[in-house]
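Please examine the sequence and the three-dimensional model shown here. The paragraphs that follow lead through the disulfides, a sheet and a single residue.

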Amino acid sequence: MPVVFGAALLALGVSPAGATRECNGLLVCVRVPGPWVLVPTGGAAGRTVRYHLSCPRGFVVGGTDAELSRRAIDVRFEGRMGGPVNPGVTTRRAAVFLATYVGTAAGPATFRPHLGCMPAGGGGGAIPTALPVYPPGETTVWRVRNVRVTARTKLVVASCAAGERLVDASHAVGFPGNQPPSATVAVSVRATRSVSGRRVKVAVSATSLRGARAVVQVAAICAGGA
C-alpha cells in the first residue's frame, strides 16, 4: 500500500475538506490535520522548518499530504529506511514534515501537514548475515512539547531524558484552522531558539493575534537512550 503525498494548493480555490489525499487507498483511515506552520522566508536561502505530527495511539501513518499557502514551498516528510515501502515499515505513529520556501516574494509562507492514520499491525523480519553490519534502527527520539501561545507565554522548554544527549533541535510556530493566517497574524508571533545542555529553549512573544489561535512546537532530538 503506497504512501500518498501531494499538495492541495489554496490558490486554486479547492475546499480543504475534500482536497487532501492522505487517506487515498486506505480502507480504514483517521485524518489528522496539523496547524498552519510558518516557513522561514527571510535571511539565508533554503532554511527548513520541521513539524512533528502524530497519529492516535494504536495507529501508524498510512498517508501524508499538505496544503500550501504559496506554490513555492517544498514539503516532504522523513520516512524510515526499509522495504517494501509501505505503512508500518516506512512509517511509524508519527511523521516529521520538512518545509522550505524556495521563492523570492516577500511576506509570510505557511503549510498545513496532514496524516492519514491506519490501525497498526504486521511486522517484518531480518535476513541473517555473518557480516558485521547493522540494519537502520531508531537512533534518535523526538521529545516534543506543543504549547498554545497566549500573552503570558514567554518560554517553552523541551528536554532529553536522563541518559540521553541532545543531537539536534527544532521549533515551529503554527496556527490551527482551515485557512492560513493573515500576514498580520503570521508576524505577530516570534520565537527564538537556544540550547543549553540537554534542553531546548524557545523564547516566545505574541503582539497581536487578533482573536486567532497560535501554537509553538519545541522539539529536543535526542540519542543515546536505553
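A disulfide is taken here as a pair of cysteine sulfur atoms within 2.5 Å. In general terms, a disulfide is a covalent bond that links the sulfur atoms of two cysteines. The model is a predicted one, in which local features need pLDDT of at least 70 and side-chain atom pairs count only at pLDDT 80 or more, while totals for chains, interfaces and linings use all residues. Residues are numbered from 1 along each chain as its sequence is written, and side-chain values use heavy atoms, with hydrogens and water left out.

By the sulfur criterion, the count comes to three disulfides. With the bonded cysteines counted along the protein chain, their pattern is 1-2, 3-4, 5-6. One of the disulfides is formed by Cys-23 and Cys-29, whose sulfur atoms are 1.8 Å apart. The torsion about this S-S bond is about -70°, and the disulfide of Cys-23 and Cys-29 is therefore left-handed. Accessibility is classed by relative accessible area: buried means under 20%, exposed over 50%, and partly exposed in between, with a 1.4 Å probe and protein chains only. Cys-23 is buried, at 12%, whereas Cys-29 is partly exposed, at 24%.

A further disulfide joins Cys-55 to Cys-117, with an S to S distance of 2.0 Å. The link of Cys-55 and Cys-117 is left-handed, with -85° about the S-S bond. This pair connects distant parts of the chain, 62 residues apart: Cys-55 lies in the loop between S4 and strand S5 (59-68), and Cys-117 in strand S8 (residues 109-119). Strands, like helices, are DSSP runs numbered from the N terminus, helices being H or I with at least four residues and strands E with at least two. Cys-55 counts as buried at 2% relative accessibility, and Cys-117 counts as buried at 0%.

Cys-160 and Cys-222 also form a disulfide, with their sulfur atoms 2.0 Å apart. Here the value about the S-S bond is -95°, and the link of Cys-160 and Cys-222 is left-handed.

Is Val-216 buried or exposed? Val-216 is buried, with a relative accessible area of 1%. Contact means heavy atoms within 4.5 Å. Leaving aside residues up to four places away in sequence, Val-216 touches Arg-145, Asn-146, Val-147, Val-149, Ala-172, Val-173, Val-202 and Val-204. Among these residues, Val-149 is 67 residues from Val-216 along the chain, yet the C-alpha atoms of the two are separated by 6.7 Å.

Strand S4 belongs to an open sheet of three strands, ordered S4-S7-S6 with antiparallel pairing. Strand S4 (48-54) and strand S6 (73-78) stand at the edges; each has a single partner strand, so one side of each is left without a neighbour in the sheet. Neighbouring strands of this sheet are turned by 25° against each other on average, direction ignored; the axes are lines fitted to C-alpha atoms, for helices over the stretch in contact, and angles run from 0 to 180 degrees between N-to-C directions. Two strands pair if DSSP finds at least two bridges between them. Six bridges join S6 to strand S7 (residues 94-101), and the two run antiparallel. Phe-77 has Phe-97 in S7 as its bridge partner.
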